[in-house]
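Okay, thanks for coming, everyone. Let me put today's model up on the screen, and then I'll walk you through it.

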Amino acid sequence: MARRFVTAVMRHETNTFSPVPTPVADFGRVGPTDGPARGKDALRVYRDTNNPVAAFIDLAAAQDAELVFAIAANAHPSAPAPDDILDLCCGAILDAIRPGCDGLFLDLHGAMVTQGHDDGEGELLRRIRSAAPDLPIAVALDFHTNLSAAMVDNATVITGYRTYPHIDMYETGARAGRTLIRALDGNATPVMVWHSLPMLTHMNRHAPSMPPMREMYAKAIAAEESGAVLNASIFGCFPLADIPHVGLSAIVVADGALNEGAEEGERLLYDILREGWERRDEFVFAVEPVADSIRRARELKDRPVLLIDHGDNTGSGGNTDVMTVLAEVVEQGLEDVCAGPFCDPDSVARMIDSGVGARLTIQLGGKIDMPAMGLEGEPLEVTGIVRRITDGQFTVTGPMFTGVAMNIGRCAVLDTGRIEILVSEGRYEPFDTGAFTHAGIDPARKQFVLLKSRQHFRAGFEPLARHIVMVSGPGTCTSDYSLFPWRNIRRPVYPLDPDTQSNLPTQS
Ligand SMILES: [Zn+2]
């Protein structure tokens, strides 16, 4: 008899310092207000895309198994989510597995905080496990997971993305799914060992493409490829979360059927994390004053120069309307610039009302206060000509989320003569050039490209960039972690407490 599988997506990267609300309506992949998708609608959105769940869909098809897509809830990073979304996802998954289920494949983030639970994924898995104690569960997680005991204790197989920007989402789903199917076929007995270090890594310093994560991941991949373990994943952590279990972690799925399977897994786990701990200073990012970064950029002559305004990155829960970096670009008189997208629905409406060709002065951005950071929004007065108005819809052609139809809300371009400013109704981290090209701006031909992004811009923009200047502006994604009002994080934690001791077992 054909197997019956269930799959679901629940993704939210929660910045507990963010003022950006997270209503249930925002958990729709295709637009800002569609809400979670179900069944065939969810299938239509995710099939043949670069997402873990797309691999689950393909694996089920290859098995001639029935697949029920219970729910797809996926919101942009922002403030803690309502408990309703957790209840909704949990209810849909439990309904789907009730008639009988041979395996559950979950595409989760790993850093979701709800108003009532500081570990959203752990709570989801705990509820599923208590309803279905023997159900095999495979989970694919984002690289920015804050791994917890509740997640590990209530899943069968866990794997994570090993790229940042995340361009291996499909492959991660395939790894998790293949291991679970191997177990279902009786060809492996997954046993998971994991550990979380008392340390925060900086998001500009922890990508698997750069040291020391590169060397750590090389060990994980080598062990997996040699067959010594089934899977090995390292999570850089999502540091903008004031929760107890935030921190760099790793998990190894060993084969308990093998002699020394679990011991082999532990050896690898501690070998990887020992290297991370010993090189912890390499995960710290040096903050440069905004004016110094822009001055440095101004001297660069090859085009384009990317200016990365990463302190206010929606991809990490930023407002996307902090104007400090753009104000400095104006102040220092940079020319031939495109910038954005800034989220400011009021300014978009004003530009649309005025129409293409109109000249106007607007108070751009700065509409949102950041009480957790003790910051008030400050608009920037800019004058220019409305160059273009769009519906904000484009299809991703770059390597991240390839093929996904984006809708970033209506957009308008204000041209100040020196700067073409892209303003959108929705928040969007520019990982794909489509945000600009669909609005008639070719970033490859600009001298300066100011992007509200931290790392994901690399997917679409790094190939065309001659220089990249990281600009550490203020916001809820600030690079200076000492500015966050920490209350719930476990202390001591490195680098907030430089003398933090390792919690790794001593070497025997
Ligand atoms: Zn991530």
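This is a predicted model: local features need pLDDT of at least 70, side-chain atom pairs count only at pLDDT 80 or more; totals for chains, interfaces and linings use all residues.

One bit of bookkeeping before the surface: accessible areas here come from the Shrake-Rupley method with a 1.4 Å probe, and for residues only the protein chains shown count as cover. On that basis the chain exposes about 18500 Å², and carbon and sulfur atoms supply 48% of that area.

Residues are numbered from 1 along each chain as its sequence is written, and side-chain values use heavy atoms, with hydrogens and water left out.

So, the overall picture. The chain has 508 residues, and a compact globule with that count would have a radius of gyration near 23 Å; the chain has 23 Å, so the two agree. That radius is taken over C-alpha atoms, and the globule rule is 2.2 Å times the number of residues to the power 0.38. Along its principal axes, the C-alpha trace spans about 70 × 50 × 40 Å.

For secondary structure we get 13 helices and 18 strands. Those are DSSP runs, numbered from the N terminus: helices are H or I with at least four residues, strands are E with at least two.

How much of the chain is buried? It's 61% of the 508 residues, where buried means under 20% relative accessible area, exposed means over 50%, and partly exposed is in between (1.4 Å probe, protein chains only). As for contacts, meaning heavy atoms within 4.5 Å, take those between residues at least 6 apart in sequence: 75% of them join residues at least 24 apart.

Next, the metal. Which residues hold the zinc ion? Asp142 through OD, His144 through ND1 and His166 through NE2, at 2.1 to 2.2 Å. Donors are N, O and S atoms within 2.8 Å of the metal (3.2 Å for Na, K and Ca), and water is not among the atoms, so sites may look incomplete. In sequence, the donor spacing reads D-x1-H-x21-H. His144 counts as buried, at 1% relative accessibility, and so does His166, at 2%.

Another cis bond joins Tyr494 and Pro495, omega about 5 degrees; Pro495 falls in the segment after strand S18 (467-471).

Two non-glycine residues have positive phi. Glu260 has phi near 65 degrees, in the loop between strand S8 (249-255) and helix H8 (261-278), and is partly exposed at 46%. Thr320 has phi of about 65 degrees, in the loop between strand S9 (305-309) and helix H10 (324-331), but Thr320 is buried, at 0%.

Last stop: Leu306, in strand S9, buried with a relative accessible area of 0%. What does Leu306 touch, leaving aside neighbours within four places in sequence? Val449, Phe457, Phe461, Ala465, His467, Ile468 and Val469.
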